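Reader: I have a model open and want to walk through it. Can you take my questions as they come?

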Amino acid sequence: MAITILAPVVEDVRQDDSHAPHGYADQSMSEDSDSDVEMGGVSLSQKRRPRDSNNLATGIMTPGEVVTDDPQWMRGHGTYTNPLSTSIIATVAGHIEKVNKLISVRPLRARYTPEIGDLVVGRIVEVQSRRWKVDVAAPLLAQLPLSAINLPGGILRRRTSADELQIRTFFSEGDLVVAEVQSVHQDGSASLHTRSLKYGKLRNGVFLAVTGTGGSGASSSKPKKSGSSLARDWGVVRSRRQVWTQQTASGGADVDIILGVNGYIWISKHVEGTDAASSASENVSITRMEEMVSSSIYSSQNDEISPQTRHEISRLSQCIQVLVQNGVRVEMETVQAAYEASLQVDLEVGDDEDELSEEGRDYLEGNKASRLIELVEQRWAKQEKIE
Amino acid sequence: MNDRRRVNGPPGGTRPPVFQSGLQSSNPSDRPRRQRQPAELRKIFLKTGLIPSASGSAYLEFEPSASLAANRSNPKSMIPPSSALKLTCTVHGPKPLPRSAAYSPNLVLTTHVKYAPFAARRRKGHVRDSSERDLGVHLETALRGAIIAERWPKSGLDITITILEAEDDRWWGEPPDSHDASWGIMNVLAGCITAASAAIADARIDCLDLVAGGVAAITEDVGASHSGSGRLMLDTDPAEHASILSACVVAYMPARDEITELWLKGDSSKAVLDDGDSRQGHDALIDGAVDAARGSYSVLSEAVKESILNAVAHA
Amino acid sequence: MSNPRQASSASQTPHLSPAELSYLYTSLSLPKGPIRPDGRSPTQFRPLTAETDILPGTNGSARIGFADGTQAIVGVKAEVEKTVLASDILQQDVENDLQAPSDRRDGAESTPSAAAGGHGSWVQMSIEIPGFRDDDALPVFLSEMMRESLVGSVTDAGKGRDTEMAGGLKGRLVINKRWHWRLYIDVLLLSQPLSYPLPLLSLTTHLALLSTKLPKLKSQGEEDPFFDDDWGVAEHLYPRPSPSASATSSQIRPPVTLLVISVGDNVIFDPNREEISVADAVLAISITRNSEGQGLKLLSIRTIDPPSRLTQPGVPNSENLSTMAATGNSDNAAAANPSAGQEEVPGVWRPRRGGIKRSVITELTRTVLKKGGVGEEVLEGLEGVEV
């Protein structure tokens, strides 16, 4: 069947942050994490319920609401104080977060705010005389100065006027780069750099944009274990591993996945040369390495990629889409779990209806999505127990 | 409140006076009839380089129909029985894009098609209406496939077409709303494509090939045995046919055998083709339009050659 | 994400890097069937949710939403209007009636007046797309395209049964010789389109027209029309088959416009934004059921300017200054003149040039029109929607 037309589904009110029409709220979540999902992390504040304020107890704030009148608290992000009073007032809708005496309101959904050291994927939108302007899903365009890239030629050298003239041969409009946030300016815009061999122009794969990390510092200041629920944050979060190589099934080659903290994701075929460089193999001298890599770092020519690998890249990108649509956080563990689950779902479906649905069997976002999420949840629950 | 500074028209609408002679000539026997063979095209006059200030220009004119010529020599009515397409095309550029424009690795094409207010039987306003904008989009699609845009990065090309005389959508003697589909616009588009291609060649912009426009239609003629017998005609003049069922215009590049623009509308399923022709109606229609485009290509290439020879002679 | 739109093109160009474009193109043009980024089969549409009769203030309305959140709402309103006729028409008709039909055989038959056949300008269509002015090329082009097939779909006089629809939609709007309905079809896209919005708008319009009702006429003949004010007895604009009618005679339905692209030798339906940006050819094909209820009828074809022509070309490694290990001097700048490289290098994106081969057009239309093809499946899917 070429077309599927569904009747509109009245979305479950409790499933507050999910766009997906595929409801899964009740059947899949384990009991203890349930409340956490529904209210976006109320249980955290409930555990440490302060005795002094009602608002602090419920944990959910709307703009203009008084968070607390108690002068002992210091105001953090998402709040303001009136000069004449001691009350702290929320400026965004979200839930309260406290670190010692610092109180902040963390929005349930926010745009990416760059922080130093973030690994981001960005798209060049403008080429200026000595720098590029890069879209990193932040409110402001980030800049990538010519002086912050590795110039080709095998040696670390100063930029010349010739480099300035041929700035488009390095990066041009539309190109995707993976880079690191070098500094954040006063206005919140970021300055990027690609002075590492693992950074540079992206090729051999597909791009995917999902929601990125929310309000600044929130996820990094979060106690590590509080992420026991999958649906704690959604989109990409800052985590230990943002880049990894995934082995794929069904005859696909290894696939590199880059989860930009800003929610831009790049999934590409793994190329051998870069691995040697990025893992900084000891026996190659620094300069040698430069030479080796410079041949591909600004290339826009794709290598040959087998159809099997393309299938698996497409599968991975769908897995991530499904995770995002169902409000599950995107990080290495969840993506890997989703990928394995998708393979399992395929097996199940294959048993069920044989060759009936040869058409569109790769498509994950329909009925398969809910099953996939279910499996991911199960896997996650198991892992939690082991830990 | 009345505006006393100008002479206002009557508050209600008015009807144009209908002259007795006009009514008489709307006798169906006077309707122009196609005197060409089904595959015979009208002659085209095409000349480039008429507008010295533009970097390229062309003027295109279709041969007036036989009935129009007859009416001129022996006028029965003040109103000409049919009209013939006349249009000019100017090309400005390549020129730098405005500073505010985003970087483009390709030549940025903009097309404007405008009817002169007096071009059609009903006066057109000075503001482009939706059919004119629509024509502009069609024309742009047709040309963009032919131009090698990456030869001219960061620059723009403006193509402006002024239609001096448009094709009729139907015979004027018929009731004004009898069948309203605007078939004339398809002939206009074909003319625009051919003229624009000549003007672009005249402006020395790199092209893959000259691109020519052609029209074919499936018509049902007055006096046909009964309805349901559509005949395929090339280069139809809508005034010459009682009823057009379906029409198609293509922009065609003969050297590459490719179509850059295709616009087909109407019901082509009732086409009656020759025996043994197993094509479906729309396929036959597209093939017919391609044949018509081949015809206009011969004129187009001659006109471009001529302009080069002229340039050489003057040099 | 900032999305600068082309000033003139009928189609928006997303900025994709040459490497992405090349990857996509190769994936989609694989000879064994395309690998689409979202895993769909070439003829599979994105699942959508549909509902009708959602706006009480209209004669008919519908809403369709994609899973990605793009939604279209269509409202249809009808007004009674006086038919403007040239003064002689009525007279002439009377004369025609008086004279023996044999006298003016062709005159009487072949000059149906507006009063009988209806007029295309009675159907007004406006499309509102956020981020576009209403006189921009895209909305104008889309509305002309959809209106053209709507008013053009004249069915044959339906063998006595559904004479109401004898003149197609136009004929249905005629009340009597002096009065007619004017139909306003207002299409509203709720968010900036994430893909070329044609299929979405066309399907929504289809459903809205199906649900459109006109009040029941109480006056007869050439009287000034007055209507039954009971909405319950209102008649559908597209009349329902009477229960007594045989099962084979299906209901007359408005046309549907499908978006089809060709990439390499593959034909792909309902392309998303990335897919359309690498297409060799883009066609909008309007179809409807044949009046006999069997098979499909082609109403219009339009080419749409493929955005791939405006893309940035990739630079093959052999011509890339920064990958040639050049030391930064511009000695071999001449070699990098982009226009010099005309031949296709595998893995390097070249903007599409030229037009469509004749055979491709035949293939595209055949895929839509053939028995059991995509056209029929889409219409069947739409028939499944409860109106």
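**Loops, sheets and cores**

Author: Let's start with a loop. A:Asn204 sits in the loop between strand S14 (200-201) and S15 of chain A. Helices (H or I, at least four residues) and strands (E, at least two) are DSSP runs, numbered from the N terminus. This is a predicted model, where local features need pLDDT of at least 70, side-chain atom pairs count only at pLDDT 80 or more, and totals for chains, interfaces and linings use all residues. Residues are numbered from 1 along each chain as its sequence is written, and chains are lettered from A and ligands numbered from 1 in the order in which they are written.

Reader: What is phi of A:Asn204 near?

Author: Phi is near 65°, a positive value in a residue other than glycine.

Reader: Is A:Asn204 buried or exposed?

Author: A:Asn204 is buried, because 26 other C-beta atoms lie within 10 Å. The cut-offs are 20 or more other C-beta atoms within 10 Å of its own for buried, 12 or fewer for exposed, and in between for partly exposed, with C-beta atoms placed from the backbone.

Reader: How many bridges join S15(A) to strand S19 (residues 264-269) of chain A?

Author: Five, and the two strands run antiparallel. A:Ala209 stands opposite A:Tyr264 in S19(A).

Reader: Which residues does A:Ile265 touch?

Author: Not counting residues up to four places away in sequence, A:Ile265 touches A:Val121, A:Leu208, A:Val210, A:Val236, A:Ile258, A:Leu259, A:Gly260 and A:Ile320. Contact means C-beta atoms, placed from the backbone, within 7 Å.

Reader: And the largest nonpolar core: how many residues?

Author: It has 233 residues. A:Ile265 is one of those that touch the most other members, along with B:Leu189, B:Cys192, B:Ala195, B:Ala196, B:Val250 and B:Ala289. Helix H4 (residues 184-202) of chain B gives the most to this core, with 13 residues. Apart from it lies another core, of eight residues, including A:Val67, A:Ile88, A:Ala90 and A:Ile103. A nonpolar core is a set of buried Ala, Val, Leu, Ile, Met, Phe, Trp, Tyr and Cys residues joined through C-beta atoms within 7 Å.

Reader: Where does A:Ile103 sit?

Author: A:Ile103 is in S8(A), opposite A:Arg75. Strand S4 (residues 74-75) and strand S8 (residues 102-107) of chain A pair in the parallel sense over two bridges. Strand S7 (residues 94-99) of chain A joins S8(A) through six bridges and runs antiparallel to it. A:Glu97 stands opposite A:Ser104 in S8(A).

Reader: What about the hairpin of S7(A) and S8(A)?

Author: There are two residues between the strands, and A:Asn100 takes a positive phi near 50°.

Reader: Which feature does UniProt place at residues 60-99 of chain A?

Author: The record, an unreviewed entry, gives "domain: Exosome complex component N-terminal". UniProt positions are given in the numbering used here, feature names are shortened, and annotations may be inferred rather than shown by experiment. Residues 60-99 of chain A are 0% helix and 48% strand.

Reader: Chain B next. Where is the cis peptide bond?

Author: A cis peptide bond joins B:Gly93 and B:Pro94, with omega about 0°. B:Pro94 is in strand S3 (residues 86-96) of chain B.

Reader: And what pLDDT does chain C average?

Author: Chain C averages 76, and 74% of the residues score at least 70. pLDDT is the predictor's confidence in each residue, from 0 to 100. Over residues 87-114 of chain C, pLDDT stays under 50. Residues 155-163 of chain C also stay under 50. Where pLDDT is low, the predicted coordinates should not be read in detail.

Methods. Contact = placed C-beta atoms within 7 Å. Pairing = 2+ DSSP bridges.
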